[in-house]
Amino acid sequence: MATTREAIQIPARESSSPAFDVKRIREDFPILKQKVHGKPLVYLDNAATSQKPAKVIDAILRFYTQDCSNVHRGVHLLSERATEAYEGARIKIQRFLNAPDSREIVFVRGTTEGINLVAQSYGRQNVKAGDEVLITAMEHHSNIVPWQILCEEKNALLRVAPINDRGELILEEFEKLLNARTRMVAVAHVSNALGTINPVRQLIQRAHAMNVPVVVDGAQAVPHMKVDVHELGCDFYAFSGHKVFGPTGIGVLYGKERLLAVMPPFQGGGDMISSVTFEKTIYNVLPYKFEAGTPNIADVYGLGAALDYVNEVGLANIISYEHALLSYATEAISQIPGVRIIGTAREKAGVISFVLEGVHAHDVGTILDREGIAVRTGHHCAQPVMDRFGVPATVRASLAFYNTKQEINALAAGIQRVKALFG
Ligand SMILES: Cc1ncc(COP(=O)(O)O)c(C=O)c1O
């Protein structure tokens, strides 16, 4: 195990797959070359936001240096180019998610805005007093609070399906809570605090058997697995560009066309209308009805480039490499005396949350930072998960396909150092 961080050497081929060369992949990410506090950066905070390959940065630069103009409005060449790239990215996303129709792809700021859109538009239209919205105990705040706001406004009830000690959803309890009053199920595909992969296809089937639509929070799934909204059968699926190697401030809400078509707009303004008089406004067709105002064009360029990049690397390569890395990291971290891993689901992706006996998570994170190791500490916007496990906070190391076993070794050595310091 590396004890001096300068000693990290990454072999050219760390994975068994000849197509996946992590050393070469890392060259695509300019930020990874830097030192932090004099040590090589070990970036293990990918669940908060992932790093961007040069192609994404170049795409944003291309918009501002060549195409900068507004979309859908101009007859001039720059606006035509920008509109073509913007709508081209929508089609890339449609294909990436295997959505049946590009009109089902709505650009939003991120997962949070996507879920709020569903709650405020579909939810306000369909949830009445005495109705219920069913979520799980492992949700991120952005898949709790929008439903709380809705339920408070409508006098409806927020029901929460519990999780077991491994951090897995208890299916029987979920099924028991689904009932004739349930109007919506909202569930994370992958938990950001625990790494648990939920059996969303199964949950969707159960909910649909009761005629209940399902919104899936895909923020932590899209960077790590193949997401096929058609196969899943979900009614809505939200994700954030910045977690899938794209820019901040852009995300996607997929919604079934037949649902989006009858939902009221989320916001009013330019672009979402087809005609306006003081007496009446006719709304635009899908997806524009949900894209009021000048959109985040530059970051749509970036998101399109990010998905191209993921396709180039290959999701199958990403999945198998990360799977091996997660096993390696789990083994390395869990065998350190005093470490307790929070979230030991049988199906997990990319996240190791842990507590270290006798040391506050914040102190662990601060000392690791001095070693150049970036992890997240705190409640990870999932306070109910912390309550469920009886801890105020955890340290979370979250992986991406550019991370290496050497970086995991550095993390393990860093934790040992924390232990030595706290004696
Ligand atoms: C599971 C999950 N849902 C939702 C979000 C919110 O994403 P954003 O802040 O990009 O809207 C996050 C972000 O950490 C997340 O991990």
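Helices, here runs of H or I at least four residues long, and strands, runs of E at least two residues long, are taken from DSSP and numbered from the N terminus. On that basis, Asp271 is placed in the loop between α9 (257–260) and β11 (273–276). The model described in this report is predicted.

**Loops and backbone geometry**

Asp271 is not a glycine, yet its phi is positive, near 75°. The residue has a relative accessible area of 17%, and because buried means under 20%, Asp271 is classed as buried.

Asn155 also has a positive phi without being a glycine, in this case about 60°. It belongs to the loop that runs between α5 (145–154) and β6 (157–161). Its relative accessibility is 60%; since exposed means over 50%, Asn155 counts as exposed.

Another backbone feature concerns a proline. The peptide bond that leads from Leu286 to Pro287 is cis, and its omega is near 0°. Pro287 is located in the loop between β12 (281–283) and α10.

Helix α10 covers residues 297–313, which makes 17 residues. At 1.5 Å a residue it should span 24 Å, and the C-alpha atoms at its ends are 25 Å apart, so the two values agree. Of the 17 residues of α10, 14 are buried, which means that the helix is largely enclosed by the rest of the structure. Just after α10 comes Gly314, with a positive phi of about 100°.

Helix α11 (residues 315–334) contains Glu322. With a relative accessibility of 6%, Glu322 counts as buried.

Helix α14 (residues 405–422) is made of 18 residues. From its first C-alpha to its last it reaches 26 Å, close to the 26 Å expected at 1.5 Å a residue. Its buried residues include Gln406, Glu407, Ile408, Asn409 and Val418. Gly423 follows α14 and has a positive phi, near 50°.

**Surroundings of the ligand**

There are 13 residues around the ligand, and those that come nearest are Thr112, Asp217, Gln220, Ser240 and Lys243. By class, this shell has two nonpolar, nine polar and two charged residues.

| Residue | Part of the residue | Distance to a ligand oxygen atom |
|---|---|---|
| Thr111 | backbone N or O atom | 3.4 Å |
| Thr112 | side-chain N or O atom | 2.6 Å |
| Lys243 | polar side-chain atom | 2.6 Å |

On its own the ligand has 390 Å² of accessible area, and the protein covers 85% of that area.

**Cysteines**

A disulfide is a pair of cysteine sulfur atoms within 2.5 Å. By this rule, the count of disulfides is zero. Cys234 has a relative accessibility of 0% and therefore counts as buried. Cys381, at 33% relative accessibility, counts as partly exposed, because its value falls between the 20% and 50% limits.

Technical notes
Residues numbered from 1 in each chain as written. Predicted model: local features only at pLDDT ≥ 70, side-chain atom pairs only at ≥ 80, totals over all residues. Heavy atoms only, no water. Buried < 20%, exposed > 50% of the residue type's maximum accessible area, 1.4 Å probe, protein only. Near = heavy atom within 4 Å. Polar contact = N/O pair within 3.5 Å; in protein donor to acceptor, adjacent residues only side chain to side chain. Areas by Shrake-Rupley, 256 points an atom, 1.4 Å probe, with all protein chains shown as cover. Nonpolar A, V, L, I, M, F, W, Y, C, P; charged D, E, K, R; others polar. Expected span 1.5 Å × (residues − 1).
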